[in-house]
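Please prepare a briefing on the structure shown here, with the cut-offs behind each term stated once.

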Amino acid sequence: MSLIFSISLVSGAYAEEIGSVDTKFNFLGPDHKIVIEAFDDPKIEGVTCHLSRSKTGGLKGMVGVAEDTSDASIACRQVGPIHIVAELEEGEKVFHESRSLIFKKLQVVRFFDKKRQTFIYLVYSDKVIEGSPKNSISTVPIRSWSTP
């Protein structure tokens, strides 16, 4: 299986496709899928997020005009020592990708719970006119990291 990279315009962040499963066979064009991708927080070394999201196939999906559903899930983890490499903003967009030709985006934003020393990542989708209430969160408590 080859790795496919999705380019995001936010701080140079990109998602690496880890794998996928088919959810519906399409006679013409690619099947509908659930795709699993990974991306590293562009401003916090040591944090990686994994996204699962739907991807519409068929003829519209094949030519890039399909509108993907708002279904997505996220899991973020500390994978090394935490090192903040740039100034953080509350509710900052750390990743996004298009879910339709023009109007719909999947977004991941980061918050910081200072009292609990925990980063919170929220994934959701929005449209120019209306968004979707479907969302998912993941938390990453800041812990010391020791190497063996």
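**Salt bridges, strands and packing in a predicted model**

R53 and E37 form a salt bridge in which the closest N and O atoms are 3.1 Å apart, the term requiring a side-chain nitrogen of Lys or Arg within 4 Å of a carboxyl oxygen of Asp or Glu. This is a predicted model, in which local features need pLDDT of at least 70 and side-chain atom pairs count only at pLDDT 80 or more, while totals for chains, interfaces and linings use all residues. Residues are numbered from 1 along each chain as its sequence is written, and side-chain values use heavy atoms, with hydrogens and water left out.

**Salt bridges**

- K134 forms a salt bridge with D71, the closest N and O atoms being 3.0 Å apart; K134 lies in the loop between β8 and β9 (135-141) and D71 in the loop between α1 (58-63) and β5, so the pair ties together parts that are 63 residues apart in sequence.
- K134 counts as partly exposed at 44% relative accessibility, and D71 is partly exposed as well, at 36%.
- The side chains of E92 and R110 also meet in a salt bridge, at 3.1 Å from N to O, and this pair joins strand β6, which holds E92, to strand β7, which holds R110, 18 residues apart.
- E92 is buried with a relative accessible area of 10%, R110 is buried with 2%, and salt bridges that share partners join D41, K43, E92 and R110 into one network.

**Strands and their pairing**

- The chain has one helix and nine strands, taken as DSSP runs numbered from the N terminus (helices are H or I with at least four residues, strands are E with at least two).
- Strand β2 (residues 14-24) runs antiparallel to β3, with seven bridges joining them, and strands count as paired if DSSP finds at least two bridges between them; G19 has I36 in β3 as its bridge partner.
- Eight bridges join β3 to β4, again antiparallel, A38 has H50 in β4 as its bridge partner, and the two strands form a hairpin with three residues between them.

**Aromatic pairs**

- The structure holds two aromatic pairs, defined by ring centres of Phe, Tyr or Trp (its six-membered ring) within 6.5 Å, with planes under 30 degrees apart counted as stacked, over 60 as edge-to-face and the rest as tilted.
- The rings of F39 and F95 have centres 4.7 Å apart and planes at 15°, so this pair is stacked; F39 lies in strand β3 (residues 32-40) and F95 in strand β6 (residues 92-98), 56 residues apart.
- F39 is buried at 2% relative accessible area, and F95 is buried at 0%.
- F112 and F119 form a tilted pair, 4.9 Å centre to centre with 45° between the planes; F112 is partly exposed at 27%, whereas F119 is buried at 1%.

**Nonpolar core**

- The largest nonpolar core has 16 residues, and those with the most contacts inside it are F39, L51, I74, V108 and Y121; such a core is a set of buried Ala, Val, Leu, Ile, Met, Phe, Trp, Tyr and Cys residues joined through side-chain atoms within 4.5 Å.
- The elements giving two or more residues to this core are β4 (44-55), β5 (72-84), β6, β7 (104-113) and β8 (118-127), and β4 gives the most, with four residues.

Conventions. Buried < 20%, exposed > 50% of the residue type's maximum accessible area, 1.4 Å probe, protein only.
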